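My entries follow in the order I made them.

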Amino acid sequence: MARYFIRRALSVIPTLFIVITLSFFLIRLAPGGPFARERDVPEAILQNLLKRYHMDEPLFKQYLRYMGDILRWDFGPSYRYRDLTVNEIIDHGLPVSMSLGVISLALAVVGGIAVGIISALNQNKWQDYVAVSVAVIGISVPLFVMGPVLQLVFGMRLKILPIGQWVSTHGLKAIILPAVTLAFPYFAYIARLSRASILEVLRSDYIRTARAKGLKESAVVWKHVLKGALLPVVTYLGPAFSGIVVGSIVIESVFLVPGIGRPFVQSALNRDYTLIMAEVVVYSLILIIANLVVDIIYGLLDPRISYK
Amino acid sequence: MRKILFALFALLAVAGLSAQEFTMVNGAEPTSLDPHAVEGVPEHRIYTALFEGLTINDPRTNRALPAVAESWSFSKDYKTCTFKLRRGTTWSDGVEITADTVVQSWLRKMDPKNAFQYADLPAMYIAGAQEYLDGKAGPESVKIRAVDKYTFEVQLVGPIPFFADMVSHYAFAIVPLHAIEKYGTDWVKPDKMVSNGPFVLSEWKPQEKIVVVKNNKYWDAKNVVLKKITFIANDDINVGYNLYKSGAADWTEAVPLELMDEAKLRKDFHVAPQYGTYYYIFNVTRKPLDDARVRKALAMSINKNDIVNKVTRGGQIAANGFVPPSTGYTPAKGYGYDPATARKLLAEAGYPDGKGFPTLSILYNTSSSHKSIAEFIQAQWKENLGISVNLLNQEWGTYLDTRSQSHNFDIARAGWIGDYLDPSTFLDMFVTGGTQNDGLYSNKTYDELLQKSRETSGNERYQLLMEAEKVLIDQDMAILPLYYYVTQNLIDTDKWDGWYPNPLNVHPWKFIRPKK
Amino acid sequence: MSDEVILQVKDLKTYFTVDEGIVKAVDGVSFDLHRGETLGIVGESGSGKSVTNLSIINLISTPPGKIVGGEVLFHGKDLLKMSQNEIREIRGNKISMIFQDPMTSLNPFLRISTQMIETIMLHQKIDKKAAKEKAIEMLKLAGIPAPEKRIDQYPHQFSGGMRQRVMIAMALSCNPEILIADEPTSALDVTIQAQILELMRELTRKLGTAVILITHSLGVVAGMCDTICVMYAGRIVERGRTEQIFESPRHPYTQGLIHSVPRLDQETKDRLYSIPGQPPNVIDLPDCCPFYPRCEKAMDICRKKYPPVTSFEHNQSASCWLYAKETQNV
């Protein structure tokens with residue numbers, strides 16, 4: 001197990017190396033540059049800007065310089081946000097994005113499984129119909145529609161939750177709407193997934209065995225159904241977390257959440273190379289780590305899988 | 001428990017309504033708080049709260065009002081401007097501001113090593129500054145000096161009667177060099193920042209908000225009523241609009257196009273002419289756009305009134321001329337909607353009924369409103385001239401590159417909002433080889449007229465500029481003006497005093513206060 | 001075999017509602033089980049034998065299935081009228097079950113120890129440690145080598161035969177009065193089948209457990225069972241002591257079944273006999289003998305009415321118009 005973990009962790013390095021190298025050259029292939037403005041920067045200033053950020057050097061030298069910096073976890077200065085280093089921007093935003101992501105994932109998983117259980121155990125009763133309808137809405141309504149609708153209802157009409165901004169302005173209730181919006185599609189999918197998989201497990205032979213042993217229905221569900229039924233949900237956690245991380249880019253704009261998603265969009269639009277690179281590295285790391293964690297959880301849950 | 005809660009809510013309600021605190025939806029996260037590094041409207045609004053230059057803008061007319069300078073005067077030829085500094089104005093840490101501070105500040109802005117964008121703006125007007133900026137001369141070549149501790153003198157490249165208006169711009173900011181020296185780039189962080197405006201920085205949460213509080217060391221502090229201003233950073237205009245509507249913000253200026261009809265019914269929605277123009281650039285090096293008759297035909301076959309009334313719907317003003325009208329300046333007449341003449345001109349150019357006319361494309365940066373306008377024009381040209389055009393949208397960075405670097409376009413959407421109230425901010429763009437001359441227009445007469453305007457002043461200068469615009473529009477139709485921008489602001493002026501619609505959309509914070 | 005009847009199934013009817021109509025999976029099944037008796041229920045797939053036994057301990061999932069009539073008296077008490085709590089006391093304790101496929105009948109995500117201990121602790125008031133000892137003892141009885149080590153393994157670490165031994169050990173761990181074994185060997189290798197059957201016989205004899213052995217194979221019941229019920233299309237068509245059935249099968253279906261068993265003591269030149277046709281579709285079955293389409297001795301009456309039960313000597317009985325002559329003329 002430990003060896004497996006170390007091997008997987010080491011395999012992150014070549015992956016990251018490829019991601020960084022490709023991104024470095026790809027973003028420089030995109031037309032335009034960090035200093036392009038509608039009102040052109042005068043040539044003299046432009047030259048000084050390029051010199052200041054070492055962009056006058058040959059590309060390969062810039063690449064080596066960048067790789068050297070990144071080994072020291074130094075992402076360099078942001079071209080757009082002149083007062084902040086890229087590290088500062090990431091340090092500000094990452095905890096926010098991570099807490100939003102983790103809370104959303106937790107909501108999606110806990111809520112989704114709970115609803116999945118309720119609707120599977122009440123198959124074809126009203127609870128099930130309600131849950132299935134909610135799931136269909138969740139899966140089919142995009143984030144950028146769901147967000148504003150919730151804002152309108154809870155922020156504008158009922159006035160019980162803030163429309164936007166974060167904990168420092170509104171306290172913990174600022175998390176509710178963005179987290180719920182972000183979690184919703186994944187909640188819905190997990191509810192559907194766990195419902196289907198619980199129903200399948202409920203029909204399985206070993207559940208019949210458990211019942212024939214005289215176990216209470218609650219013990220059957222908690223002890224015998226869930227572990228097997230939740231494996232597909234665990235498998236889905238990887239894609240779900242990636243989805244939530246990507247979705248949070250939209251959600252951050254809609255709810256003015258000061259995470260790393262908004263600077264990501266801005267950096268891409270403004271060709272803020274250093275910031276784009278840092279965002280790519282951070283997002284890649286998050287996704288790689290998330291997948292590793294999911295693999296490990298899966299292995300812990302399913303005794304048939306062994307890590308060697 | 002319920003009583004306590006109720007009391008808390010009551011308190012919150014009072015605090016929320018507390019009219020000495022002001023919250024605005026400020027748009028994108030500011031790129032910097034350093035006045036010399038900024039560009040853009042959200043940054044400008046924060047700048048006007050934290051800093052003051054030699055002058056500030058009058059909240060109604062945008063003309064210069066005394067600030068760090070209590071008075072100013074021009075030499076007879078309008079080539080030298082002398083500012084008398086107010087005695088005893090200090091930074092928020094108590095350090096005095098003197099004429100030397102101004103000199104050093106301006107030199108910092110133009111120092112080529114600092115590579116500040118917009119450094120070319122002062123360099124364009126101050127004698128000897130361009131050489132310094134280009135690295136061809138040292139700072140001593142810049143013709144600014146401290147005559148004495150409280151007298152600051154600028155020598156200009158020509159007669160520039162609007163120079164005092166111009167120095168309210170952040171490109172002419174005065175900065176606390178002692179603090180910059182001490183803290184380096186960190187000087188703008190909340191615990192270190194020193195400023196001289198009516199407010200000082202109290203809190204900066206990147207991507208979230210900036211909070212400023214009243215500066216008690218401000219020279220006119222007794223006339224500043226607001227105690228606190230919160231600038232909310234947002235990239236989504238729908239949220240901004242919702243924040244305002246829900247009462248969480250007191251001022252926002254962006255209204256989503258699809259909610260325009262709703263916003264227009266509101267009493268607190270202020271639409272006013274803005275010093276800016278939305279236009280299309282013709283790439284005049286490409287056939288058949290190199291033919292002025294073709295360009296005129298294209299211009300005359302667009303019903304611009306329909307664009308503002310049916311497409312943009314936000315009170316914009318259809319424009320035939322390029323420079324927005326202002327006191328003493330009448331824009332070129334241009335050409336109105338006249339499909340018959342348009343067809344005739346197109347036939348003369350060799351494309352009767354649009355036959356043989358190549359399929360051009362309209363380039364715009366990705367946005368639903370640019371798209372709606374382009375689609376409307378596409379339909380008009382089809383209907384009135386029988387020609388087809390493609391629509392080509394590109395994301396901002398790519399679009400800028402196509403438009404200004406490779407010039408690989410036929411017709412491109414553009415917009416320009418004046419930095420200061422003078423026609424030259426528009427007309428300077430189209431001189432041969434100008435950095436914003438993306439359509440590669442070149443006309444000797446035009447260049448000469450503009451050159452001459454730089455050497456004259458007053459009414460004579462305006463005549464030259466009007467003449468130049470006639471060449472640009474009436475004669476050559478080098479660009480196709482579509483409409484004049486308007487400022488759109490949502491702010492309840494029944495509640496707030498000191499806020500007035502104005503052409504530069506600049507609203508100095510010291511005047512804004514709750515109505516009694 | 002004692003003459004004490006511990007389980008009495010009376011006119012049991014279990015129907016399933018499906019889109020096409022009503023499936024009468026079990027339609028009026030009755031039989032008695034004596035203490036220590038081994039009863040074989042034989043029939044083709046779909047004859048209702050498994051449903052019968054799931055109905056006995058009320059494990060039919062509703063919907064789609066429903067027990068619509070009959071009684072299952074265990075020591076005189078109707079299991080079908082018991083509350084969920086009461087019947088759970090019986091399941092796995094007094095009446096336990098083992099199933100056809102040992103590969104899927106054990107929970108793959110739980111250790112063998114967990115699965116055995118939970119049963120033992122549920123029904124016997126002993127602590128976890130004692131329960132584990134009991135479980136190890138049962139595994140040992142069931143012929144699992146090194147049980148104290150293997151008990152902490154997961155099902156996938158056991159072979160099919162070993163798993164069925166685990167199932168047997170688990171089913172017998174609470175000393176049940178009745179063990180219902182639903183095709184316990186059909187999923188196993190032929191070589192293992194005999195071992196498992198032998199194990200079951202040995203253990204149930206030792207513990208005095210009555211067995212209901214459900215199988216499609218007469219060969220299996222021949223060596224195991226005291227009595228046999230032959231089921232066809234949801235009903236028992238013939239019953240009797242094992243020797244009687246094999247010696248003088250009455251029902252043409254039983255005859256066909258016996259005929260189709262390969263025999264080692266006879267030289268076979270012909271192809272092995274098989275009953276022609278397919279088992280009937282039991283949806284909306286009309287009132288007739290459901291076997292008549294496949295029956296070589298079918299008569300007119302078979303098509304019109306279900307035959308009554310005719311009794312023979314040695315408690316043998318069959319439902320077939322061949323023997324119900326007096327009613328035939330009515």
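I began with an aromatic cluster in chain B, which is made up of F22(B), F231(B), W251(B), W496(B), W499(B) and W509(B). I note that the model is predicted.

I looked up Y125(B) and F162(B): their ring centres lie 6.1 Å apart with the planes at 80 degrees, so I logged the pair as edge-to-face. Y125(B) sits in helix 4 of chain B and F162(B) in the loop between strand 7 (151-155) and helix 6 (163-166), so the pair ties together parts 37 residues apart in sequence. Y125(B) is buried at 7% relative accessible area, and F162(B) is buried with a value of 7%.

Next I checked F163(B) and F172(B), an edge-to-face pair with 5.7 Å between centres and 85 degrees between planes. I found F163(B) buried at 0% and F172(B) buried at 0%.

I turned to the interface. Chain B gives 57 residues to the contact and chain A gives 43. The buried area is about 4300 Å², with 52% from carbon and sulfur atoms. On the chain B side, Q117(B), Q207(B) and E208(B) lose the most area, together 15% of what that side buries.

I counted 18 residue pairs in polar contact between the chains. Helix 14 of chain B supplies the largest share of the chain B side, nine residues. I sorted that side into 23 nonpolar, 15 polar and 19 charged residues.

Last, I looked for salt bridges across the interface and found three. I recorded E88(A) with K189(B), at 2.8 Å from N to O.

Technical notes:
Residues are numbered from 1 along each chain as its sequence is written. Chains are lettered from A and ligands numbered from 1 in the order in which they are written. This is a predicted model: local features need pLDDT of at least 70, side-chain atom pairs count only at pLDDT 80 or more; totals for chains, interfaces and linings use all residues. Side-chain values use heavy atoms; hydrogens and water are left out. Contact means heavy atoms within 4.5 Å. Buried area is the accessible area (1.4 Å probe) that two parts lose on being put together, summed over both. A salt bridge is a side-chain nitrogen of Lys or Arg within 4 Å of a carboxyl oxygen of Asp or Glu. A polar contact is a pair of N or O atoms within 3.5 Å; within protein, one must be able to donate a hydrogen and the other to accept it, and residues adjacent in sequence count only if both atoms are side-chain atoms. Helices (H or I, at least four residues) and strands (E, at least two) are DSSP runs, numbered from the N terminus. Ala, Val, Leu, Ile, Met, Phe, Trp, Tyr, Cys and Pro count as nonpolar, Asp, Glu, Lys and Arg as charged, and the others, Gly among them, as polar. Rings of Phe, Tyr and Trp (its six-membered ring) pair if their centres lie within 6.5 Å; planes under 30 degrees apart count as stacked, over 60 as edge-to-face and the rest as tilted. Buried means under 20% relative accessible area, exposed over 50%, partly exposed in between (1.4 Å probe, protein chains only).
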